[in-house]
Amino acid sequence: MTTRVTTAGFTRNAIRFSNLHNATLFQAQKEISSGVKFHAASESPLEFRQVRSLKTEYVKLQADKQSIQIATSTLNTSVSHLQDASDLVTYAKTLVQKGIQSLDPDESESLATEIEALLEQAKSISTTKFNGNYLFGGTRSDQPPYEFSSPTFEDGLPISTYTGSNQRSQTHIGESISIDTLYSGKEIFGASGRQSTILVGYSGAKHGGGTDTLIGRSTLQVRHTATSYLGASGVATGVSSPGGDTVIGNLGAHELTIEDTSGTGAFGTVSLNGGDPVSFTSADTDLRVEGPGGQAVYVNTTSISAGFSGQVNLQASGTLSVDNGATTVPISFTGQQVITDSTTGRYTTIDTTNIQYAGDDHLEFPGTSDLFQILSATADDLRNQRDISASEASEALNRRWTELDLAASQIFEAMGQQSTSLSTMQSIEIRVEDLMLSTETSISEVQGTDFPDAVIRMQNSQALLQYTYAVTANISSLGLLEFLR
């Protein structure tokens, strides 16, 4: 069969080839102008999938870099504030050293005022907020980590309540790296850890050993309740004895010496524990007798036995309190007597075996105070608010210096850990940036236009298109005879 070539056939072929070359030319021009080989999955399914995977990885790397930058800013701010806290504590230690050497009350008062200013700075640092989060609240960074209030009792320390979390907040980088960013204020400014209880005073009480639960410092109030005299001397307790006697103890701890110089009990002398004799008469119902150490008893000498001269054993009972007298317990004169603060439920163990005098003893519980309480206690001791002797005040300030040194160590430790984290994140950021560059390069290699190839394809398409147009024009211009031939 003979196939006849018609004009319609030429026309259809011309249109088809023109469209084909135009499409190839357009694609090459688009690649050159946009810089990418394809825009849709239909253009290159396999390469499109590969590019999407690379772009997803790039987005993850961008998120990691942003996390690193936020964490770095947070830690840089935190380290800066910790450095301020460290400088603050160092300066406080210097002031304490001056206070130990100071003999001028005005200078001590000035030093105490400076310490109180440092205390306010420390409070401000502990509640620092950055980027919407409290730096030292741990995972509970949306609220102030500390609440400060006045002490329960006059000689107590300020109450600083940590309301943050004990767990550090972390920034996650990638799938396997976590960096601590928001630290717990308790580990930085909190107590360093309980040490042996210290008791300062003259009552004869000692610490009874064991683990106490009272914190900071407290006053052990030793109070006299009743005195009784043994034997047939006829001496009795005076009117003011219950609240005025300052001697406490079992038999043998104290004694009176009575000399009836009248022979009838009408008058004579009485002394306490070998102290200066005090004259008495049978009319004395409330005679104060002082011992060599200032201890005193009030006696009634209206019934002194005629002719009595000698020693009289006495026994005096008392009570103990660590909550400013809110509750008291009788002295048991045992090696381990537990005294409880009714307000907090915390307790201390006291050796009451050798208690001999009434008065106020001072308890300290080293390692249980946070930085704020240590600074407050330091100011109090510079003013000697407990009214202890000069040597005891000096020893107390030495203990405050040691506590401040421990507090500084905690701050240094946190600052060192954060500095290490900053160094680690710097290395990670460099690595992430390298990966981002590598991913960008891979995307460019897969999706980027191969310009030499695209230019050649564009030129070939243009040449073929022109050739198609030329052939079509020649064919369209054939005469009847040429066509029939």
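Modeller: Two strands count as paired if DSSP finds at least two bridges between them. This model is predicted, and it has an open sheet of 3 strands with antiparallel pairing, in the order S10-S15-S14. The edge strands of that sheet are S10 (236-237) and S14 (287-290).

Colleague: What makes S10 and S14 edge strands?

Modeller: Each of the two pairs on one side only.

Colleague: How do you know that S14 and S15 pair?

Modeller: S14 and S15 are joined by 4 bridges. The cut-off is at least two, so they count as a pair. The two strands run antiparallel, and valine 289 stands opposite valine 297 in S15.

Colleague: Where does asparagine 300 lie?

Modeller: Asparagine 300 belongs to strand S15, which covers residues 296-300.

Colleague: Why is asparagine 300 called buried?

Modeller: Its relative accessible area is 17%. Buried means under 20%, so asparagine 300 qualifies.

Colleague: Which residues is asparagine 300 in contact with, leaving aside its neighbours within four places in sequence?

Modeller: They are Gly234, Val235, Ala236, Thr237, Gly238, Asp284 and Thr285.

Colleague: Why is the link between the side chains of asparagine 300 and threonine 302 called a polar contact?

Modeller: The distance given for that pair is 2.6 Å. The cut-off for a polar contact is 3.5 Å, so the pair falls within it.

Colleague: What makes S11 and S12 a pair of strands?

Modeller: S11 (residues 255-259) and S12 (residues 267-272) share 4 bridges in the antiparallel sense. At least two are needed, therefore the two strands pair. One place to look is threonine 257, whose bridge partner in S12 is serine 271.

Colleague: How many bridges join S12 to S13?

Modeller: There are 4 bridges between S12 and S13 (residues 278-281), and these strands run antiparallel. Threonine 269 stands opposite serine 279 in S13.

Colleague: What lies between the strands in the hairpin of S12 and S13?

Modeller: The hairpin has 5 residues between its strands, and in this hairpin asparagine 273 takes a positive phi near 55°.

Colleague: How many helices and strands are there in the protein?

Modeller: The protein has 9 helices and 20 strands.

Colleague: What share of the residues counts as buried?

Modeller: Of the protein's 485 residues, 41% count as buried. Asparagine 300, at 17%, is one of the buried residues. As for the surface, the protein exposes about 24800 Å², with carbon and sulfur atoms supplying 51% of it.

Colleague: What share of the contacts with a separation of 6 or more comes from residues 24 or more positions apart?

Modeller: Such residues account for 67% of those contacts.

Note on methods
Residues are numbered from 1 along each chain as its sequence is written. This is a predicted model: local features need pLDDT of at least 70, side-chain atom pairs count only at pLDDT 80 or more; totals for chains, interfaces and linings use all residues. Side-chain values use heavy atoms; hydrogens and water are left out. Buried means under 20% relative accessible area, exposed over 50%, partly exposed in between (1.4 Å probe, protein chains only). A polar contact is a pair of N or O atoms within 3.5 Å; within protein, one must be able to donate a hydrogen and the other to accept it, and residues adjacent in sequence count only if both atoms are side-chain atoms. Contact means heavy atoms within 4.5 Å. Accessible areas come from the Shrake-Rupley method with a 1.4 Å probe; for residues, only the protein chains shown count as cover.
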